[in-house]
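Here is a short report on one protein model.

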Amino acid sequence: KLFLKETIKPQHSNSIMFTIVPVLGFSLALMFWGMTSSSNISYYLLFSLLLFFCMTSLNVYVVLLSGWTSNSMYAFLGALRASAQTISYEISMIVILLFPAFLQWTLSWNNMFNGYGVMVLMVPVGVAWTISL
């Protein structure tokens with residue numbers, strides 16, 4: 001339904017980038033499914049936590065480019081504000097997620113989930129994450 005609706009493009013926008021940037025954002029969101037661990041996985045990501053941090057930081061550029069390509073100052077200022085807010089939330093998320101990673105000395109999601117000792121720590125880490133919001 002989303003792709004079949006009529007597209008609305010601003011008159012003075014960069015029309016090529018205006019259509020490409022949401023597709024890039026959607027494909028970035030779909031790439032997160034590749035990092036989920038399952039029993040029939042055919043590959044092993046050694047530093048999947050670092051890949052997760054890098055991919056979440058790319059979302060800032062998608063939001064910023066989507067505001068910039070509309071060629072409207074209000075949309076661009078809104079995108080700058082949203083990018084700054086995303087960066088501030090990412091900093092607290094990175095600090096909170098690195099705590100269990102440093103305790104287990106691994107940067108792999110699979111090894112972190114197999115070590116059940118981290119699940120005991122998720123309660124205080126979850127409280128710290130809720131407070132930091």
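## An aromatic cluster

Phe32 is partly exposed, because its relative accessibility is 24%; the partly exposed class lies between buried (under 20% relative accessible area) and exposed (over 50%), using a 1.4 Å probe and protein chains only. Phe52 has a relative accessible area of 17%, so Phe52 is buried. Phe53 is buried too, at 9% relative accessibility. These values come from a predicted model, in which local features need pLDDT of at least 70 and side-chain atom pairs count only at pLDDT 80 or more, while totals for chains, interfaces and linings use all residues. Residues are numbered from 1 along each chain as its sequence is written, and side-chain values use heavy atoms, leaving out hydrogens and water.

Phe32, Phe52 and Phe53 make up one aromatic cluster. Rings of Phe, Tyr and Trp (its six-membered ring) pair if their centres lie within 6.5 Å; planes under 30 degrees apart are stacked, over 60 edge-to-face, and the rest tilted. By this rule there are two aromatic pairs. The rings of Phe32 and Phe52 have centres 5.7 Å apart and planes at 70 degrees, so this pair is edge-to-face. The pair joins distant parts of the chain: Phe32 sits in the loop between helix 1 and helix 2, Phe52 in helix 2, and they are 20 residues apart. The rings of Phe52 and Phe53 have centres 6.1 Å apart and planes at 55 degrees, so that pair is tilted.

## The overall fold

The protein has five helices and zero strands. Both kinds of element are DSSP runs, numbered from the N terminus: helices are H or I with at least four residues, strands E with at least two. From the N terminus, the order is α-α-α-α-α.

Of the 133 residues, 25% count as buried. Contact means heavy atoms within 4.5 Å. Among contacts between residues at least 6 apart in sequence, 57% join residues at least 24 apart.

## Helix 1

Helix 1 has 17 residues. Its first and last C-alpha atoms are 25 Å apart, close to the expected 24 Å at 1.5 Å a residue. The expected span is 1.5 Å times one less than the number of residues.

Which residues of helix 1 are buried? They are Val21, Gly25 and Leu28. Seen down the helix axis, the buried residues of helix 1 fall within an arc of 65 degrees, so they line one face. The arc is taken from the directions from the helix axis to the C-beta atoms. These buried residues pack against helix 2. The face turned away from the buried side carries the exposed residues Ile16 and Val23.

## Helix 2

Helix 2 covers residues 48–69, 22 residues in total. At 1.5 Å a residue it should span 32 Å, and its end C-alpha atoms are 32 Å apart, which agrees. Its buried residues include Ser48, Leu49, Met55, Val60 and Thr69. What covers the buried residues of helix 2 includes helix 1 (15–31), helix 3 (73–104) and helix 4 (109–114).

## The nonpolar core

A nonpolar core is a set of buried Ala, Val, Leu, Ile, Met, Phe, Trp, Tyr and Cys residues joined through side-chain atoms within 4.5 Å. The largest one has 13 residues. Leu49, Phe52, Phe53, Leu97 and Trp109 have the most contacts inside it. Helix 1, helix 2, helix 3 and helix 4 each supply at least two residues of this core. The largest share, five residues, comes from helix 2.

Leu97 touches Leu49, Phe52, Phe53, Trp109 and Met112, leaving aside residues up to four places away in sequence.

## Two loop residues with positive phi

Most residues other than glycine have a negative phi. Asn71 has a positive phi near 60 degrees. Asn71 lies in the loop between helix 2 and helix 3, and is exposed with a relative accessible area of 58%.

Trp105 is not a glycine either, yet has a positive phi of about 55 degrees. Its place is the loop between helix 3 and helix 4. With a relative accessible area of 78%, Trp105 is exposed.

An unreviewed UniProt entry places the feature "transmembrane region" at residues 16–35, 41–66, 87–107 and 113–131. Positions follow the numbering used here, feature names are shortened, and annotations may be inferred rather than shown by experiment. In the model, residues 16–35 are 80% helix and 0% strand, with end C-alpha atoms 30 Å apart. Residues 87–107 are 86% helix and 0% strand, with end C-alpha atoms 21 Å apart.
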